[in-house]
Every structure is written in structure tokens, then in C-alpha cells.
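Here's a quick briefing on how this chain packs together. Have the model open while you read.

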Amino acid sequence: MRASSGRLFSGLDRKILEMMAKAGSIQFRGEPFPLKSGKESHFYVSLREELGLNPPFLSLVGKKLAEVIWNITSKSERRPCLIGVPMAGDILAQACATEAHHLLRAGSNHPEISFLRMRSRVKAH
């Protein structure tokens with residue numbers, strides 16, 4: 001399957017899109033929805049709660065993120081380390097690192113992906 005941009009969707013991409021549709025994470029609205037950038041869109045994507053409430057969905061998203069990170073960092077000598085922006089990004093960074101670890105145990109030859117947590121507030125001391 002190809003997107004209108006010409007990008008080819010993988011089997012993993014299709015599974016993620018199917019799970020997003022089942023979870024109600026993708027919505028089409030007749031009335032455009034205002035985005036933070038000031039632009040408007042008829043499509044609304046929400047994953048904050050859906051990922052945490054659906055571990056198989058979170059696992060697939062983690063695998064996809066690991067694929068993307070490995071592709072972007074393939075020529076780097078450094079080990080990728082993700083820092084999730086609180087709160088929504090934490091779960092994505094952890095899922096990516098966890099799924100990367102599972103893929104490595106299954107025989108993948110990519111580097112580990114680690115993750116760190118960012119404080120939601122500056123520590124006062």
C-alpha cells in the first residue's frame with residue numbers, strides 16, 4: 001500500500017493503522033480542527049491514553065519507533081538514547097527501548113536503544 005506521498009507502507013505500518021482505527025485514535029472531522037501551529041486539519045490523531053491502555057498496540061508502535069531510530073542512526077558509532085518529554089513521550093521512549101531489546105534478543109544486529117526520563121519540573125535544591 002502506498003501513501004499519497006508515494007511512501008510505501010510496510011506490514012507493521014498497516015497493523016499500526018488498523019489498531020489506531022480500532023482504538024478510535026484517528027478521527028475525520030467535517031469541521032477542521034485547529035492545530036497548535038495555527039493550521040487546520042480534518043484529521044485528528046490522539047494516542048495518549050490509547051497506547052497505555054492497549055499493550056499490543058504500544059508494542060507495535062515501539063517496534064516501529066525502533067526501526068525508524070535504527071534507520072536514522074545506522075551510520076553512527078553512538079548508541080541511541082531517547083528522552084521522552086513528560087508525560088506522553090515517556091511511554092513512547094520506554095516502549096521503543098523495550099521492543100528494541102526484544103528484537104535484539106531475537107537476532108537483530110542493531111545497537112541497543114536506551115531511554116532516560118526527563119523531570120516534569122525542575123528540581124529545586
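Contact here means heavy atoms within 4.5 Å. This is a predicted model, where local features need pLDDT of at least 70, side-chain atom pairs count only at pLDDT 80 or more, and totals for chains, interfaces and linings use all residues. Numbering starts from 1 along each chain as its sequence is written, and side-chain values use heavy atoms, with hydrogens and water left out.

**The core**

- Setting aside neighbours within four places in sequence, Ile-16 touches Phe-57, Leu-60, Val-61 and Lys-64.
- Ile-16 also belongs to the largest nonpolar core, nine residues that include Leu-12, Leu-51 and Ala-95.
- A nonpolar core is a set of buried Ala, Val, Leu, Ile, Met, Phe, Trp, Tyr and Cys residues joined through side-chain atoms within 4.5 Å; buried means under 20% relative accessible area (1.4 Å probe, protein chains only).
- α3 (55-72) and α1 (11-23) each put at least two residues into this core, and α3 gives the most, with four.
- Helices are DSSP runs of H or I, at least four residues, and strands are runs of E, at least two, numbered from the N terminus.

**Helix against helix**

- On the α1 side, Leu-12 and Met-19 are among the residues that meet α3, whose own set includes Pro-56 and Glu-67.
- That contact splits into eight nonpolar, no polar and five charged residues, with Pro counted as nonpolar and Asp, Glu, Lys and Arg as charged.

**The strands**

- β1 (residues 26-34) and β2 (residues 40-45) run antiparallel, joined by five bridges; strands pair if DSSP finds at least two bridges between them.
- Gln-27 has Tyr-44 in β2 as its bridge partner.

Methods. Buried < 20%, exposed > 50% of the residue type's maximum accessible area, 1.4 Å probe, protein only.
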